[in-house]
Amino acid sequence: MYKLLISRRLAIYLLTAVLLALTASALIPNNFTLSAAKWLELERKSPVLFWIYAHLSTPFLVRNPFFQLISFLLCLSTLACTADRIVKWGKSKCMEFEKEKAFSFSVTQISVHCPDEVRSMVENFLSKGRWEISRENNTDLTVISGQKGMSGFWGSVAFHAGLVCCFLAGPVTVLTGFSGELTATEDVVLPLRGAIVAHQVNNDAKLPEAQVQINQLRGEYFQGQYRYDYGGELVLSDRLGDHRIPFAVNKPASYHGYQFSLNEYGDAPRLVLERDGKTLFDYYLNLKHPGEGDYFELEPGVRAMVIFFPDFFRQGDKIGSRSRRSDNPVTLVRIFRGDREVFKGLFKPGDEEIWEGSRIRVPDYRHWVTLNVTKEQGILLVMLGFLLGSAGLLVRFLSNERRIEFELFPMGEQTGFKVRGYCRYYPAFLEKEVLEIAQKLEEGQVPVARP
Amino acid sequence: MAFWEEIFLWIAIIAYAVSFLLFLNGLIFKKERLQLFGFRLTEAAFGFHTAAIAVRWYVTGHMPAMYTYENSLAGTWIIILTYLVLRRFFPPARPFVVAVTPLVLLILGNGMLTGGELRPLEPAFRSNWIFVHVLFAWFSFGSYLTAFCAGAMYLLKEKSSKSFLIRLPELNLLDELSLRLILFGFFAQAVMIASGAIWAHGLWGRYWGWDPVETWSLISWLVYGTNLHLRVTLGWTGRKAAWMAVVSLFGIIFLYFGFGHGSSVHTIVF
């Protein structure tokens, strides 16, 4: 089993399997690539197609136990291969250069200098270039060899260790983390546990007991059109008192290890419906579809469609918003009984109208936000993996694993020499380097050391 | 687009197009002077391209990294920079311009079609990670694209005996360049993905969400990871490696056009 796990061929097969599964799944539409409405329509109209999309597209495939098993084996194989390489290194405390796997290139030349001078030039070159030098002396032949670029091995080890950290981040996040959503209207106090909709069942039990309130919401637009700044203040009240934590896009609030990231921002006009002195409906309406309008049930069979115009204008029959700044806020309220429109009115804050004996008011408006509430302990492993992996890859990129051997043999007063280079990955570089070294030695100069 | 940005960009585009034609001519008709002039023109075009970026950066007050136009403006600049650095260290890589400039013109054209409105940096982009994420994304794309050129040239040169193809760089040099470029691209893409994950954690509260752009970036990274394993572990070189360099680019193309592939949190960032 261990032998199988340390097989690099198996690692490649597993990697290819994961890659092919991911590629095939990425071509299938999913709940990210389809809008929520289209996703629901698909579920209603084509159950078979929906089943395929909801089981084989990427966000669903990655939760499939079979896919997870293959990924786990890939992680195990990566770990085993890396451990095996370190163990092998630990046994010999040095890296063996595998000549048989390398490309080689050699040149034979004659130098007018005596063997001792050539040897000293070669040794000078090797020590200047920080090669690991070894020597063999026979009566007629001196062999001096150097090797370098073995840091690539450690680069590769660091990279794979980084990968394993990233692999581990997944289960750590799923098992220890939390993910949910908090949608709240400005200045409304809510219980934290009840207000957050957890993405996993019963997950909200982990949340601390506190009251939550969102204050001082702001949305700023450049030239009234382009999103510029969004933010606010999160007020959490627990037994230790009030905690006021500012938040903005890219600057999440943090409380007891939970991160509150701003995800959505919108307008919430308050709609009040009163009849015979009784309040039938009184809510701040969190509008999520500013273009097409949002529908709310006022009473059985009666719906209101509401659109908020932050900077209202009217041109003939056309109405709309000049900008996204709240310079002239107006709320359009249309009331439907069944499919028939029975009321339509435009309300500035504080306006009211009478419809069939009922009083409709829009006293004011606020803003609402959705905050992603998460706790992801896996992020630390991702960061560690990132550091290890990128440092390892950089070292791997910069290193050039190679060996060079000089055979020196006397030829009368002159010296014959053969320079043979071995290189794992860069033959053209090696060829050039060997030729340069041979030429310099022939000319009686110490070759220039390369990194 | 700012006035001077548009002027500089059009000069750069025309110069890239002319340098491509000069190079192609020089290569086919064995005219070294035309090739040299074409190369100088590429350098000049790069200068104007840099000026266009500088003007835009000055006017908008931020690095051009938002939406398609700015990404294509900065991305093509990095692709040309990758080529020029490569040419500096490996002079035989000079003819790569024949393959690089048409792709640069295509990407720029696609970006310009989407319009280059001047606007401030949106809140979601206001993070220090933008520099790391976007810069390394384009470095990886530039490296993979140049590796693709090396692979394509390898295949052309190996198959054909036509005289102008013989003047392309040596086969073993093309093979080696493609490996080095893929290794660098793989490193750059790793940094891009990891920095994106950390940025996403601060922005959306999660570091990975299987969004289409995230999925395709992982797929293309795994494609190049497999590519490197096949070369380094199984010793694939020559034609097989060249085919891998050519075919692997399609993963990246999916990633690039993934921005338009349905909805994604990368297109609706907040």
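Start by selecting K88(A) and D84(A): they sit four residues apart in helix 6 (residues 65-92) of chain A, so about one helical turn separates them. Helices here are DSSP runs of H or I with at least four residues, strands are runs of E with at least two, and both are numbered from the N terminus. Show the side chains and you'll find a salt bridge between K88(A) and D84(A), 3.3 Å from N to O. The term covers a side-chain nitrogen of Lys or Arg within 4 Å of a carboxyl oxygen of Asp or Glu. K88(A) is exposed at 54% relative accessible area, whereas D84(A) is buried at 12%. The cut-offs: buried is under 20% relative accessible area, exposed is over 50%, and partly exposed is in between (1.4 Å probe, protein chains only).

Before moving on, some housekeeping. This is a predicted model, in which local features need pLDDT of at least 70 and side-chain atom pairs count only at pLDDT 80 or more, while totals for chains, interfaces and linings use all residues. Residues are numbered from 1 along each chain as its sequence is written, chains are lettered from A and ligands numbered from 1 in the order in which they are written, and side-chain values use heavy atoms, with hydrogens and water left out.

Select R275(A) and E299(A). Their closest N and O atoms are 3.2 Å apart, in a salt bridge. R275(A) belongs to strand 11 of chain A and E299(A) to strand 13 (residues 294-299) of chain A, so the pair ties together parts that are 24 residues apart in sequence. R275(A) is partly exposed, at 27% relative accessible area. If you'd like to list every such pair, expect 27 salt bridges over all chains.

**Across to chain B**

Now pick R227(A) and E122(B). This is another salt bridge, with the closest N and O atoms 3.2 Å apart.

How many salt bridges does the rule find across the interface of chain A and chain B? It finds one, and you're looking at E122(B) with R227(A). On the side of chain A that touches chain B, at least two residues each come from helix 2 (8-26), helix 5 (58-61), helix 8 (151-176), strand 8 (226-238), strand 11 (258-275), strand 21 (365-375), helix 10 (378-398) and helix 11 (427-442) of chain A. Colour that side by residue class and you get 33 nonpolar, 16 polar and nine charged residues. Here Ala, Val, Leu, Ile, Met, Phe, Trp, Tyr, Cys and Pro count as nonpolar, Asp, Glu, Lys and Arg as charged, and the others, Gly among them, as polar.

Zoom out to the whole interface. Chain A brings 58 residues to the contact and chain B brings 58 residues, with contact meaning heavy atoms within 4.5 Å. The area buried between the two chains is about 5200 Å², and carbon and sulfur atoms give 69% of that. Buried area is the accessible area (1.4 Å probe) that two parts lose on being put together, summed over both. There are also 17 residue pairs in polar contact across this interface, both residues at pLDDT 80 or more. A polar contact is a pair of N or O atoms within 3.5 Å; within protein, one must be able to donate a hydrogen and the other to accept it, and residues adjacent in sequence count only if both atoms are side-chain atoms.

Select T33(A), in the loop between helix 2 and helix 3 (36-45) of chain A. The side chain of T33(A) reaches the backbone nitrogen of N30(A) at 2.9 Å. T33(A) is buried, at 17% relative accessible area.

Next, D187(A), in the loop between strand 4 (178-185) and strand 5 (190-191) of chain A. Check phi of D187(A): near 65°, a positive value in a residue other than glycine. D187(A) is partly exposed, at 38% relative accessibility.

Then Q216(A), which lies in strand 7 (residues 211-222) of chain A. Phi of Q216(A) is near 50°, again a positive value in a residue other than glycine. Q216(A) counts as exposed, at 55% relative accessibility.
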